[in-house]
Amino acid sequence: MIVVTLFMLAVAAVALWWLARQGLTAKPWLEESTAGNVPATGASLQPTAKIGLGVFLTVAGALFALMISAYAMRMAMPDWRSLPVPALLWVNTAALVVSSAALQCAQGAARRHELADVRTGLLAGGAAALVFLVGQLLAWQQLHLLGYFLATNPANSFFYLVTAVHGAHVLGGLVALARTGVRAWRDDEPGRLRLSVELCTLYWHFLLLVWLILLALLTGWAGRFAEICQRLLS
């Protein structure tokens, strides 16, 4: 439960930081000014899409936090039988890291108005994300061939559930990434293209962070970390 609590606190901290950064905590009705002058309200000057993504990531983070909490509580039951973690998951993790890094490079190129490098970064990021999704499906197939079916054990069900939900988020991100790629190839207005790339990059970093936490949970690292914390606190 320590790991779950830390994750939920991290989600709350990121949400508060985001809201403060966007100026959504300002109270413009309390501002005073002389007649004829428009006071500075402190309202957000950020694009609506960026604020919307921040809200979505907060909700998605809460969803994953609830799933992690349910996982941690369920694994304490006597009928829990841990399944072997396919080695392919490490390859998939590397692919997602490459995808996130490629989009970070694309974001830097967008700020420098280097359109060719933006296109390269988007292509590399999308290709690596597809490798990740195909690898996840292959990992499912490996477990299925070994007899670890969905309804065989609660551990199996949770493994398929958390990886499927995360994969669905990656798939949705690929749709947005494809739209950004179309803009890049159509020589869209630089400001709009830069914003689209920034949003995709932020979303991809979120997906990578969530996957690393899920991987730590599935491999048992999170449990060992919790035991160390409990020993230090006791």
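1. The model is predicted, with pLDDT of at least 70 required for local features and 80 or more for side-chain atom pairs, while totals for chains, interfaces and linings use all residues. Numbering runs from 1 along each chain as its sequence is written, and side-chain values use heavy atoms, leaving out hydrogens and water.

2. The model contains 9 aromatic pairs (ring centres of Phe, Tyr or the six-membered ring of Trp within 6.5 Å; planes under 30 degrees apart are stacked, over 60 edge-to-face, the rest tilted). F56 and Y203 form a tilted pair, because their planes meet at 40°, with the ring centres 6.2 Å apart. Since F56 belongs to helix α2 and Y203 to helix α6, this pair ties together parts 147 residues apart in sequence (helices are DSSP runs of H or I, at least four residues, numbered from the N terminus). Y203 is buried, at 9% relative accessibility.

3. A second pair joins W140 and Y160: the planes stand at 80° and the centres 5.5 Å apart, so the arrangement is edge-to-face. W140 lies in helix α4 (residues 115–145) and Y160 in helix α5, so the pair links distant parts of the chain, 20 residues apart. W140 is partly exposed at 27% relative accessibility, whereas Y160, at 10%, is buried.

4. F56 and Y203 also belong to a cluster linked by ring pairs, together with W204 and F206.

5. R119 is placed over the face of W185, 5.4 Å from the ring centre (the rule asks for NZ of Lys or CZ of Arg within 6 Å of the centre and within 35 degrees of the ring normal).

6. The 31 residues of α4 should span 45 Å, and the end C-alpha atoms are 45 Å apart, which agrees (expected span: 1.5 Å times one less than the number of residues). G147 follows α4 and has a positive phi, near 95°.

7. The second largest pocket has 14 lining residues, with A176, T180, S196, L199 and C200 nearest its centre. Elements giving two or more residues to this lining are α2 (48–74), α5 (154–185) and α6 (190–219). A pocket is an open set of points on a 1 Å grid where a 1.4 Å probe fits, with protein on both sides within 12 Å along at least five of seven lines; lining residues have an atom within 4 Å of a point.

Methods:
Buried < 20%, exposed > 50% of the residue type's maximum accessible area, 1.4 Å probe, protein only.
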